[in-house]
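Colleague: Before I rely on the words used for this protein, I would like to hear what stands behind them. Could you take me through them one by one?

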Amino acid sequence: MNKPVITKNVAAKTITVERAFAAPRTRVWEAWTKSELLEQWWAPKPWKAVTKSFSFVEGGHWHYYMLGPDGSKQYCWEGYETITPEERFTMSNGFCDEQGVRDESRPLMHWNIEFVSVDETAKVNATIQFDSAEDMEKIITLGFEEGFSMGLGNLDEVLAA
């Protein structure tokens, strides 16, 4: 299995994730920017991502929840900030309630995601910036590394289909 390279920099308050995929950049980009594809891979199994509303445009958002095997729901919000088609986008991601109101008690993550063509494959480089080292540690404690790695493994399955 192609594992992501995850690097934590406490001083810079960042986590970087690098991962290559055996698919053209266009297909990988679509998997990150279309809700019907995001739903198929974003949540670590046995959880599922379910879209409430989605608009992949600058100033748009993805309001979704992760549905647990026990029926529990964890609501989240991604706010899209800048988009350069098939090259990169930036977003803020955090926890919220069913109406999309941010949960201020949980950390906000600022993502910069780049898509690079490498021969017949695509490489995704994600840099996640936190407001504080404590916020970064909270996300790590919540299982970010394991959960996001599992989601990226799910993405391999979606791209192979």
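Modeller: Read along the sequence, the pattern is β-β-α-α-β-β-β-β-β-β-α-α, where helices (H or I, at least four residues) and strands (E, at least two) are DSSP runs, numbered from the N terminus. This is a predicted model, in which local features need pLDDT of at least 70 and side-chain atom pairs count only at pLDDT 80 or more, while totals for chains, interfaces and linings use all residues. Residues are numbered from 1 along each chain as its sequence is written, and side-chain values use heavy atoms, with hydrogens and water left out.

Colleague: Which residues of helix α3 are called buried?

Modeller: Within α3 (residues 133-141) they are D135, M136 and I139, buried meaning under 20% relative accessible area and exposed over 50%, with partly exposed in between (1.4 Å probe, protein chains only). Seen down the axis of α3, these buried residues fall within an arc of 100°, the arc being that of the directions from the helix axis to the C-beta atoms; they therefore line one face of the helix. The face turned away from that buried side carries the exposed residues E134 and T141.

Colleague: What covers the buried residues of α3?

Modeller: Their cover, judged by contact (heavy atoms within 4.5 Å), includes β1 (5-9), β6 (88-95) and α4 (144-160).
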